[in-house]
Each structure stands twice: as structure tokens, then as C-alpha cells.
Amino acid sequence: MENQLSADQVEIIQEFIQECTDLLDNLEPSIVAFGELTQNSDFSPTEEKMPILHEVFRLFHSIKGSAGFLNFSHMATTAHAAENLLDKIRKGEQAMNGDHVDLLCRTCDFMRATLDQVACQLNDQTMAREADELTGRLKLSLGEPRPASAATETPAGCAEPVTPDTGLLDLAVTPEMLAAFVQEAGEQLQEMEEGLLAWSRDGDSNSLIGELFRKMHSFKGNCGFVGMADLERLSHRIETVLDAARSGTCPARTRPADTLLNLIDTLKGALTDIAGGGKGRIDGLDLYLELLDDLLPADRQGNVSPPAVPRLGEILQEEGLVSAAEVDRALESQKQAATRAETQPAGPGGIAKRQDLRVDVEKIDNLINLIGELVIAENMLVHSPDIEELELENFSKASQQMSKIVKELQEVAMSIRMIPVAGLFNRMTRLVHDLSRKSGKKVNLITGGTETEVDKTVIEKITDPLVHLIRNSMDHGLENPEERRAAGKEEIGTLRLTASHEEGEVLIRIEDDGRGLNRDKILRKAVQKGLLEGDGAGLSDHEVAAMIFLPGFSTAEQVTDVSGRGVGMDVVKQNLHQINGKIDIASSSGQGTLITLRIPLTMAIIDGMMVRVGESRYIIPILAIRESFRPSPTAITMTPDGGEMVRVRERLFPVLRLNRLHRVAGAREALDEGILILLENQGRNVSLFVDEILGQQQTVIKGLSGYIGEIGQVSCVSGCTILGNGEVCLILDAGNLTEINPVTI
Amino acid sequence: MKILLVEDDFISRTVLQEILAPFGICHQAVDGREALKAHRRALNEGSPYNLICLDIMMPNLDGQETLRRIRELEKEQGIGGSDMVKVIMTTALDDPKSIMTALVKGSCEGYLVKPIRRDTLLAKLRELGMIQE
């Protein structure tokens with residue numbers, strides 16, 4: 001059939017895909033919303049909920065009609081079945097229960113998967129099996145006269161969304177999510193490969209293995225999120241091996257790096273399969289798992305081995321044949337997709353609704369870069385030493401006008417990169433829904449401020465942290481219904497996700513009304529893991545809370561596939577750090593936890609304070625500064641190990657001399673002749689000693705080249721900027737500054 | 001069955017009327033505006049149309065926009081699901097793109113390419129379960 005399609009028809013199909021994707025995007029949250037209504041009891045349509053039901057009905061109706069028109073029969077029949085179900089519910093002939101919602105969600109997923117398939121192959125033939133299954137189940141749920149009993153009978157598959165082999169899980173992902181997953185996972189694997197190579201070359205290094213472990217953890221999480229069971233199992237085992245290696249309990253004779261490198265290749269292969277529309281199955285999975293067991297100390301093998309290994313092997317071998325054929329076809333369709341990618345505006349852009357233009361991000365980055373240069377050039381021109389002494393009335397008028405335009409230009413260019421967080425939040429709606437079904441905890445997710453616009457890079461960077469934080473809230477924060485009842489709370493937990501703007505920052509709040517952080521438990525764990533000296537009795541609640549962000553920290557008694565290894569929070573911190581974001585955590589026991597992410601609006605320009613040390617100038621991000629002052633000699637105290645502390649309103653802060661850190665010559669040495677700047681980051685403080693403060697200025701951030709970047713990591717520099725006179729000036733990294741120990745420099 | 005025929009061309013309109021007359025009451029409108037008025041009136045009277053045959057290319061208000069507003073009106077009045085009026089788009093051109101739009105955006109039930117033929121129209125109605133035979 002493909003051969004007979006004209007360019008015109010292909011275009012129509014693409015339009016169809018686009019339209020349907022838009023419809024699905026809009027309606028998925030509504031469907032999920034029904035899920036909340038059906039949490040306690042069956043839902044019968046009421047006046048105010050009717051319009052939503054109608055909307056959902058119309059979606060399936062439209063899909064049925066247009067899919068039928070384009071001869072996508074599987075899609076049409078499935079949509080028809082869903083439509084019938086909805087109509088019955090609408091007419092009150094059947095009450096809606098959680099399984100119906102689940103079924104509708106799956107139907108949406110199926111639609112997306114099919115659209116994806118259609119995008120590659122221009123037909124939906126390959127979806128026959130899924131379509132039959134789904135249609136069957138939709139019809140089955142129709143046949144039940146009163147669905148009260150259906151809850152126990154119908155869900156042939158819905159009650160077991162965690163079982164890997166139903167084939168249904170393959171559907172629980174939207175094409176965009178899958179595309180994003182493939183891209184991200186590919187990058188993660190690449191980084192891990194490099195890390196493993198370094199490990200194999202340079203021998204054991206704890207930071208290296210820790211890094212690998214973190215990456216594998218993220219990778220595993222992603223795999224689980226998109227329902228790639230085989231990938232998840234394999235990466236979970238690899239993670240366990242890395243964990244053993246990190247704690248040094250690996251049998252000495254083994255060199256895990258080489259084995260793991262081979263497995264990375266296997267993961268990559270599976271990923272390629274997924275990219276081409278395959279299911280990401282791994283042939284001979286149990287063989288690999290056994291291989292990994294050899295790398296583990298004997299006592300850890302038992303508790304990680306899956307119960308049903310022997311029989312799975314046969315099944316997998318059978319499926320191995322299928323999978324080989326699938327890979328071939330996948331490669332084929334990948335080629336097709338690649339050639340089409342140039343002409344097809346994929347994704348939920350909504351061309352028809354808005355006048356959107358798809359532009360390569362690189363072009364915009366380039367534009368912003370150039371504008372940054374323009375700001376600098378303008379500065380150099382206006383403050384040129386050649387005209388400094390002259391009275392030039394016309395020139396200064398013209399230059400003022402130019403400054404104004406440049407500033408506006410800069411603002412417009414920045415706004416190009418801004419996108420609302422609504423899309424990100426919608427993804428979380430789905431995550432919460434799935435997690436809630438998985439864990440049996442009832443949650444009501446409330447999102448707010450979805451129209452808040454944030455830089456696109458920022459969105460990309462906070463997606464992972466947000467997933468981790470929400471998982472944590474669901475896993476550790478919120479209690480199960482029984483516990484909540486016992487604590488006298490509403491059975492259904494509340495999770496609030498809001499975004500807002502505040503003085504050049506974007507605040508994202510994740511708030512739950514769960515059990516809150518347990519101070520004693522955290523302290524006990526911290527001592528046990530050697531992350532804390534003493535008993536921590538003198539620490540403020542705030543400082544205790546910040547401990548959960550330390551690598552390797554987890555208070556969960558049990559490691560589940562949702563969370564508990566103590567890497568997630570570390571990822572959150574690392575990612576936020578990359579975008580100069582901050583994280584605040586406030587919690588009251590039994591009342592809930594509020595996590596606030598503070599992210600600078602843009603990563604390209606910051607408000608900076610310029611300071612001088614000797615002949616060098618530095619920029620300090622203003623957001624990190626708490627206060628600056630000239631200390632009196634009596635406020636300085638020496639510690640036994642040679643460190644200096646300064647007393648500010650009965651609190652002592654360590655003094656860090658910037659001239660010693662960066663070995664700047666000619667700087668002041670006496671503390672009472674210079675200025676101390678008190679910095680704060682994630683509850684940690686340090687007072688930085690500099691010669692003088694030169695003033696505040698808008699700073700265009702320039703990245704450091706890769707090779708300098710590595711040095712920069714050590715010396716607490718996050719980037720540089722170019723001053724009006726052409727001089728390069730380093731931007732200090734408050735996060736790093738607060739973490740180093742001044743005595744050791 | 002209550003039917004509304006929306007068609008600016010006299011001959012086409014008459015042909016439709018001849019074919020459909022045996023199955024119910026046929027009202028006629030010559031453009032989208034008239035059609036909307038009729039639709040609104042029928043809704044308010046509590047006896048909405050069961051079927052609307054809607055031409056795509058018409059003066060004043062074209063078929064696509066008319067369809068969109070028909071659905072909007074229904075939405076306002078809380079009519080949805082299978083209670084929505086069945087709409088068959090008629091089009092002179094075999095223009096898949098505009099059919100696509102009507103199907104996706106307007107959730108119409110079907111389309112027919114002009115010239116309208118008795119057997120295709122009746123087949124469509126049977127398919128929609130509007131007539132038996």
C-alpha cells in the first residue's frame with residue numbers, strides 16, 4: 001500500500017498524526033482526572049463533569065472517523081470500542097471505575113503508539129495484536145452490567161501493570177516520551193561508556209564509580225518509566241554491581257569494567273531497537289544477569305536473583321527470533337523515518353492553532369551568543385578610552401538610544417527560548433497516576449502556575465530532578481491509606497506542584513502532606529554511613545534536611561525499583577547545580593514536606609557583584625550573597641587547626657581567602673582592611689575575603705572551554721565574562737565555595 | 001427522522017431532498033448562517049435534527065466553520081456522545097485534506113463526494129444506523 005501513496009496523501013497522514021497528537025495531549029490529563037474521581041468509588045457523570053466526558057468522547061469519535069477515512073482499521077475499531085464504553089457511561093447505563101480509566105489511558109497510549117507506527121510505516125498493520133487485545137478488553141468492560149464486580153473480573157491486565165510480559169507495558173508510553181527517552185538514554189550510555197573506559201584504564205577510583213552508579217541509576221529509572229522491562233532489569237543488576245564495587249565488596253579477582261562495557265553495548269543495541277519502533281527486548285537476558293552475578297559478592301547474589309530465571313530463558317530464546325526480525329524491520333523503518341524527518345513537523349507544536357515556526361535551537365543559541373557579544377561591544381564602544389574625556393552630546397544621545405535597543409533585543413531573544421512548564425507538569429500527572437497505581441497510595445495531584453515560562457534548557461535540566469522528587473514524595477513522603485487514617489488525615493494524599501516567578505527566579509514547589517522528614521532517622525543514617533561526625537545534635541532542622549542530598553544517603557529500609565538507593569537526590573542536586581539552581585527543603589514531622597527549587601530565569605545572564613582581589617576581578621552571583629561587611633579584628637577567631645572564623649551576630653562562619661585559593665599576588669592580607677562577603681548555598685555558609693567591592697552589573701555568562709572547565713571545577717569558577725574594557729573576568733561558583741574546607745587550601 | 005440539508009446549489013439540494021424525503025422531514029438551508037439558525041431553533045424547541053447534510057464550499061459561512069459552530073452549540077447545551085447530531089459532509093472536490101479537517105476538528109460522521117448518488121448516500125445512512133433495510 002505504501003507504494004501507491006502520493007506525496008499529497010503522505011502529507012494528509014502527517015496532518016492526521018499532528019492533529020491526533022494534539023487532541024491526545026489535551027485530553028490525557030482529563031482522562032487522568034477521571035482517575036482521581038474514581039479513586040474511592042465508582043463515578044457517575046454529574047452535570048459539571050459531563051463536558052469533559054463529552055470532550056473525551058469526541059476525541060475518540062474524531063479518531064474513529066479520520067482513521068477510518070485513512071484506512072487505519074485497527075485504530076478505528078479500537079476508537080470505536082472506547083467510544084461505545086464512554087457513551088454507556090455518559091448515558092448512566094454504566095458507572096465508571098478505576099479500571100475503565102486505566103483502560104482509557106491505555107487506549108490513549110495505544111493511539112500514540114499507533115500514530116508513531118503510522119509515522120514510520122504509513123499504516124497500522126503491525127498494531128493488530130494490541131488493537132485486538134484492547135478492543136477485546138473494552139468490549140468486555142462493556143459487557144459487565146454493573147462494574148462493581150468488574151473490578152475483580154475485568155482487569156485481565158490492568159491489575160498487573162508491573163508484570164513485564166503482558167505486552168501492554170510497551171504501550172504505556174507516548175511517542176514523544178519514547179523519543180526523548182531514546183535520545184537521553186543514548187547520551188547516558190555514551191557517558192557511561194566513557195566512564196567505564198576510564199575505569200578500565202586508570203583503575204579503581206571511588207568518585208568515578210560513584211558517577212557511573214549515579215548515571216546507571218538515572219538510566220534505570222528512565223527505562224522503568226517508559227516500561228522497558230528488560231532494560232530495567234539489566235540496568236538494575238549493573239547498578240547493583242556498581243554499588244558493590246563502590247563499597248569495595250566486589251570479589252578481588254574480577255575486573256568488572258570490561259564486562260560492563262560489553263553490557264553497555266547490549267543496552268545500546270536494545271535502544272536502537274526501541275528507536276526503530278521495537279520493544280527493546282534483550283536476547284538472552286538471563287545469561288547476562290548470571291554473568292553479572294559472578295561479579296557480585298556471594299551474599300548479595302541471592303537476594304537480587306529473580307525467582308523465575310530458568311523458564312524465562314526458553315521464552316526469551318523463542319522471542320529472540322522474533323526480536324531479530326524486529327530489528328531488521330526497525331532499521332528499515334528508521335531509515336524511512338530519517339528521510340522523512342526533514343519534511344515532517346513532528347510533535348505537539350500545534351501548527352494549525354498557533355503560528356509557530358520550528359527553529360533549530362542551535363540557531364537561537366547562536367543569536368543569543370551574538371547578542372551577548374553585542375552587549376560587550378556596545379560597552380567597549382561607549383566606554384572607549386579614546387573619547388572618555390570628551391564632551392560629545394550627540395554621541396551620548398545616540399549611544400543611550402542604542403543601549404536601550406540592545407537591552408530590548410536581549411530581552412526578546414531570551415523570550416524566544418522560554419516555554420511554559422505546562423508540558424512538563426502534564427508528564428508528571430501521568431507519572432503520579434502510574435506510581436499511585438503501582439504503590440496503592442491514593443494521591444491527588446494539584447498543579448498550579450502551569451503558564452509560567454522557563455528557559456528550554458532549564459526545563460530539560462529539571463525534568464529528571466522533578467521525576468526523582470515526585471517519586472520520593474510518593475515513596476517516602478506520602479503514607480498508605482491505612483497509615484493516613486490512623487494519623488487522622490484524609491485518606492487521599494495531596495501532592496501540589498506549582499511554578500511561579502519571583503524576582504528573576506523561577507520557583508517550583510513540590511509539596512506533599514505526608515509524614516515529613518524524620519530528623520532522628522536521618523541523623524542515625526548519616527552517622528551510620530559516616531557522613532556525619534558526632535551525633536549532630538547541634539544541627540538545625542534545615543541542615544539536617546539538607547543531608548538527604550548527600551550522595552549515598554537513603555533512609556528507606558528497602559531498595560525498591562522506585563527509590564531507596566540514595567542516588568536520586570544526588571542527581572537532583574547535581575542537575576540543579578548545573579543550572580545554578582538552589583533547592584530548599586522544609587518539613588514538619590507528620591505534616592508534610594515542601595521542596596522548593598529556585599532556578600534562575602535564564603542561564604545566559606546573571607546579576608553579579610564585581611569584586612577585586614589584587615589585580616584580579618571576579619563576579620559573584622548576587623543571589624548567593626547574604627551580606628558584606630568589614631570585620632572588626634575582635635570578630636575573628638582562630639580554630640585549633642589553623643582556620644579562621646568570623647563572628648556575625650553570634651554565629652561563626654569560616655573565612656575563605658580568595659587570594660590564597662587562586663594564588664593571587666598583591667592582595668591584602670589583613671582581614672580588617674578588606675571586605676568579607678557572606679555567601680550562602682543550600683544552608684551552607686562561607687565568608688569570602690576580598691580586597692574591595694567594585695559594583696553590581698549585569699553579567700553575560702560565557703562558558704569556559706572544556707580544558708579550563710576541568711580546572712575550574714577545582715577552583716570554584718562556573719564561567720567567565722568579558723568586561724567593557726575587553727578584560728576577562730571569572731564568575732565564582734557559590735556552590736563550590738561553600739563546600740570546600742578553607743583550611744586545606 | 002428530522003433532516004437538515006445545507007447546500008447552496010439548487011440542483012444538489014433538490015437531489016438530496018428527493019432521496020431523503022421518504023425517510024423523514026427534510027428542512028433546507030442555503031448557507032451556513034441559515035443552517036446555524038435552524039440548528040439553534042431546533043435545539044431550543046427540544047427537537048434537534050438527527051441528520052445534517054452539509055456542503056463544504058458555500059458562501060457566507062462555509063461548511064467547516066458551520067460544523068465547528070454546530071458542535072460548539074451542542075457543547076454549550078451539554079449535548080454530547082451519541083446524542084450529537086450526525087453530520088455528513090458533501091463536497092464537490094475529492095479533497096482529502098478538507099475531509100480530514102472535518103473529521104478531526106468537527107467530528108463529522110461521514111462524507112460524500114458530489115455528485116451525490118442515491119445508493120452511496122443510503123449506504124452511508126445504513127452504516128450510521130439511521131435507516132434499516
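Predicted model: local features only at pLDDT ≥ 70, side-chain atom pairs only at ≥ 80, totals over all residues.
1. Extent of the interface. On the chain B side, 22 residues are in contact with 20 residues of chain A. The two chains bury about 1800 Å² between them, and carbon and sulfur atoms give 61% of that area. Within chain B, the residues that lose the most area to chain A are Lys97(B), Met100(B) and Val104(B), together accounting for 30% of what that side buries.

2. The rule finds one salt bridge between chain B and chain A. Its partners are Glu55(A) and Lys75(B), with the closest N and O atoms 3.1 Å apart.

3. Where the chain B side comes from. Two helices of chain B, α3 (63-76) and α4 (96-105), each supply at least two residues of the side that touches chain A. The largest share, eight residues, comes from α4(B). Sorted by class, the side of chain B that touches chain A has nine nonpolar, seven polar and six charged residues.

4. Helix α15 of chain A. This helix covers residues 393-416, 24 residues in all. From first C-alpha to last α15 reaches 35 Å, close to the 34 Å expected at 1.5 Å a residue. Which residues of α15(A) are buried? They are Ser399(A), Val406(A), Gln410(A), Ala413(A) and Met414(A).

5. Gln188(A). This residue sits in helix α7 (residues 175-202) of chain A. Gln188(A) counts as buried because its relative accessibility is 8%, under the 20% cut-off. Leaving aside residues up to four places away in sequence, Gln188(A) touches Ser218(A), Phe219(A), Asn222(A) and Asp464(A).

6. A salt bridge within one helix. The structure holds 26 salt bridges over all chains. One of chain A joins the side chains of Arg106(A) and Asp102(A), at 3.7 Å from N to O. Both residues lie in helix α4 (residues 98-121) of chain A, four residues apart, which is about one turn of the helix. Are these two partners buried or exposed? Arg106(A) counts as buried, at 8% relative accessibility, and Asp102(A) counts as buried at 5%.

7. A salt bridge between two helices. The side chains of Lys220(A) and Glu239(A) meet at 3.1 Å, N to O. Lys220(A) belongs to helix α8 (residues 206-225) and Glu239(A) to helix α9 (residues 229-246), so the pair ties together parts of chain A that are 19 residues apart in sequence. Lys220(A) and Glu239(A) are both buried.

8. A salt bridge between a loop and a strand. Asp691(A) and Arg612(A) form a salt bridge through their side chains, 3.9 Å from N to O. Asp691(A) lies in the loop between β15 (684-690) and β16 (692-700) of chain A, while Arg612(A) lies in strand β8 (residues 605-613), so this pair ties together parts that are 79 residues apart in sequence. Asp691(A) counts as buried, at 3% relative accessibility.

9. A network of salt bridges. Which residues of chain A are linked in a network of salt bridges? The members are Glu479(A), Arg484(A), Lys489(A) and Asp513(A).

Key:
Residues numbered from 1 in each chain as written. Chains lettered and ligands numbered in written order. Heavy atoms only, no water. Contact = heavy atoms within 4.5 Å. Buried area = accessible area lost by both parts, 1.4 Å probe. Salt bridge = Lys/Arg side-chain N within 4 Å of Asp/Glu carboxyl O. Nonpolar A, V, L, I, M, F, W, Y, C, P; charged D, E, K, R; others polar. Expected span 1.5 Å × (residues − 1). Buried < 20%, exposed > 50% of the residue type's maximum accessible area, 1.4 Å probe, protein only.
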